[in-house]
Amino acid sequence: GFNCGIVGLPNVGKSTLFNALTETAAAEAANYPFCTIEPNVGRVAVPDPRLDKIAAIASSQKIIPTQLEFVDIAGLVRGASKGEGMGNEFLGNIRSVDAIVHVLRCFDGEVTHVDGSVDPVRDAETVETELLIADLESVEKQITSNAKRAKGGDKEAKAKLEVLNIVVEVLQEGKPARTADISSDQRAIYNQLQLLTAKPVLYVANVEEENAATGNDYSKQVEEMAAASGGVSVIISAAIEAEVASLSDPEEKSEFLADLGLEETGLKRIIAAGYGLLGLLTFFTVGPKEARAWTVVEGSTAPNAAGAIHTDFERGFIRAETIAYDDYIECNGEQGAKDAGKMRAEGKEYIAKDGDIFHFRFNV
Ligand code: GDP
């Protein structure tokens, strides 16, 4: 599965958001730093109205949405890269996620701030500086070791050194590794470096209830900062999301949201942004037993998609009987699509498209 690590300074609303996201009370929100010590992991169903439509047409007994994983990563303080606070553990946890959801405090109020005042841009820099220092140290170490081996004629070390030199220049300018100009040939080496500042970042401006629909001056600063670095930001109120999560009646939920001037939950917007950030797409499988949504990265082939279901499906892949979502709806299901000649037999080279409905044929 794909996972997003929720990071940010203490007391910005990470746990509140995580709880809302996962609709559990696993991580306890409290008004002091370090209240969430272990990384908490939660899975979120990705809402997709297309899945419900497909299931209705096929009269599927069960509907199984695709999932995105969120990890609440606590313990960042200034000096984390030097091992302060939960520094090393924190950085290790970030290394293992696909993307970063960076929560920034954009609400005033009584809650203690570790640096004494509310300033989301400063906070973002504090966190990012720690990640940058950790990357810089790791890259500099690797430059030393690979330079020695490259001198001795090691070709692999030489190729790695080239990538490291590109990255170190960017980091020394104080810019994240993801802004480095890496050629497609160098991608594999670059990815192996597992740099913290190489991960895509979604900024979450956590505002107070009354600003949830419109944002506020703080969230505007966050938007500007994100735009300047080609990043993505979302405005939410974690406190509201927590309340919405506690309402079980869908009608009550939408009424509550409408009263606050909101059309959908912040969770939906975060999931949508997370999907875009990670470059993910959804495909479907459907039958009388179940209609199910699956997630793969954009650019995946039909066998890759089959592999998301089971590795055997990928290994023994023969072909994918494929119907585009719009055709499936227009033809009122599989039989209609078949009759209309809208069901295609796609081979190993086919690149999966968002909304594809697949029927995989494979050898066992
Ligand atoms: P963490 O340390 O980043 O995980 O922060 P928490 O989620 O524990 O939240 C810290 C404090 O901020 C708690 O007292 C929350 O109730 C409060 N808080 C979180 N989100 C909001 C919000 O949107 N508005 C307001 N006013 N308070 C919030």
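**Overall build**

The model is predicted. The protein chain holds 14 helices and 12 strands. Its C-alpha trace spans about 65 × 65 × 35 Å along the principal axes. A compact globule of 364 residues would have a radius of gyration near 21 Å, and the protein chain has 23 Å, which agrees. Of the 364 residues, 39% are buried. Now take the contacts with a separation of 6 or more: residues 24 or more positions apart account for 67% of them.

**The cores**

The largest nonpolar core has 65 residues. Which of its members touch the most others? They are Ile 6, Leu 104, Tyr 203, Val 204 and Ala 205. Helix α4, residues 120-151, gives the most to this core: seven residues. Domain 1 (3-47 + 66-117 + 200-277) and domain 2 (128-197) each supply at least three residues to this core.

Another core lies apart from the largest one. The table sets the two side by side.

| Core | Residues in the core | Members, among them |
|---|---|---|
| Largest nonpolar core | 65 residues | Ile 6, Leu 104, Tyr 203, Val 204, Ala 205 |
| Another core | 23 residues | Ala 305, Ala 320, Ala 337, Phe 360 |

**A look at Val 204**

What is Val 204 in contact with, leaving aside its neighbours within four places in sequence? The partners are Leu 17, Val 101, His 102, Val 103, Leu 104, Val 234, Ile 236 and Ile 270. One of these partners, Leu 104, is also among the residues that touch the most other members of the largest core.

Technical notes:
Residues are numbered from 1 along each chain as its sequence is written. This is a predicted model: local features need pLDDT of at least 70, side-chain atom pairs count only at pLDDT 80 or more; totals for chains, interfaces and linings use all residues. A nonpolar core is a set of buried Ala, Val, Leu, Ile, Met, Phe, Trp, Tyr and Cys residues joined through C-beta atoms within 7 Å. A residue is buried if 20 or more other C-beta atoms lie within 10 Å of its own, exposed if 12 or fewer, and partly exposed in between; C-beta atoms are placed from the backbone. Helices (H or I, at least four residues) and strands (E, at least two) are DSSP runs, numbered from the N terminus. Domain bounds come from an automatic or database domain assignment. Two residues are in contact if their C-beta atoms, placed from the backbone, lie within 7 Å. The radius of gyration is taken over C-alpha atoms; the globule rule is 2.2 Å times the number of residues to the power 0.38.
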